[in-house]
Amino acid sequence: MTDSLAGVDNDCNPHFEYSPLSRPFIADGISVIVEIFRPFGEDCGWNLQVVDEGLDITVWMDVFDTDTEAFEQFLQTVELEGIESFAATPVKPLH
């Protein structure tokens, strides 16, 4: 059986559509990768996760209506808790 999405041009994963708001983010010398994505071809909301330099992942359990809302939630978390809240921590669900 072949994957019908195998030919999709996606740098991350052909099963997901990544928002253009997904990006590396650096603050206070700490670098993370913000990933905002949803299942490819579906309009079911956007997922948010942050990957730190040690490849630890912080995952939001909420699904956001828009990719902008997801990115704004990330920025709000950085503002309230600091970028270091994502650094070298185990997988932890938020909200």
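I began with D43, which is exposed at 71% relative accessibility (exposed means over 50% relative accessible area, buried under 20%, and partly exposed in between, using a 1.4 Å probe and protein chains only).

Before going on, I noted that this is a predicted model, where local features need pLDDT of at least 70, side-chain atom pairs count only at pLDDT 80 or more, and totals for chains, interfaces and linings use all residues. Residues are numbered from 1 along each chain as its sequence is written, and side-chain values use heavy atoms, with hydrogens and water left out.

**Entry 1: the salt bridges**

Which residue does D43 form a salt bridge with? I found R38, with the closest N and O atoms 3.1 Å apart. A salt bridge here is a side-chain nitrogen of Lys or Arg within 4 Å of a carboxyl oxygen of Asp or Glu. By this rule I get a count of 2 salt bridges. R38 also forms a salt bridge with E17, and there the closest N and O atoms are 2.9 Å apart. This pair links distant parts of the chain, since E17 sits in strand β1 (residues 16-18) and R38 in strand β3, 21 residues apart. Strands are DSSP runs of E with at least two residues, helices are runs of H or I with at least four, and both are numbered from the N terminus.

I checked accessibility too: E17 is partly exposed at 27%, while R38 counts as buried at 14%. Salt bridges that share partners join E17, R38 and D43 into one network.

**Entry 2: E35, a charge without a salt bridge**

Next I looked up E35, which is also in strand β3 (residues 30-39). E35 is buried yet has no salt bridge. Where is the nearest side chain of opposite charge? It belongs to R23, 12 Å away. For charges, Lys and Arg count as positive, Asp and Glu as negative, and His and the chain ends are not counted.

I did find a polar contact for E35: its side chain meets the side chain of Q49 at 2.5 Å. A polar contact is a pair of N or O atoms within 3.5 Å; within protein, one must be able to donate a hydrogen and the other to accept it, and residues adjacent in sequence count only if both atoms are side-chain atoms. Beyond four places in sequence, E35 has contacts (heavy atoms within 4.5 Å) that include Y18, S22 and V51.

**Entry 3: R23 and its strand**

I then turned to R23, in strand β2 (residues 23-27). R23 is partly exposed, at 33% relative accessibility. The backbone oxygen of L21 lies 3.1 Å from a polar atom of the R23 side chain. Leaving aside neighbours within four places, R23 touches V32, I33, V34 and F71.

I saw that β2 and β3 pair in the antiparallel sense over 5 bridges (two strands pair if DSSP finds at least two bridges between them). A27 has I30 as its bridge partner in β3. In the hairpin of these strands, which has 2 residues between them, D28 takes a positive phi near 55°.

**Entry 4: confidence**

Last, I looked up pLDDT, the predictor's confidence in each residue, from 0 to 100. The protein averages 82, and 77% of the residues score at least 70. Over residues 1-10, pLDDT stays under 50.
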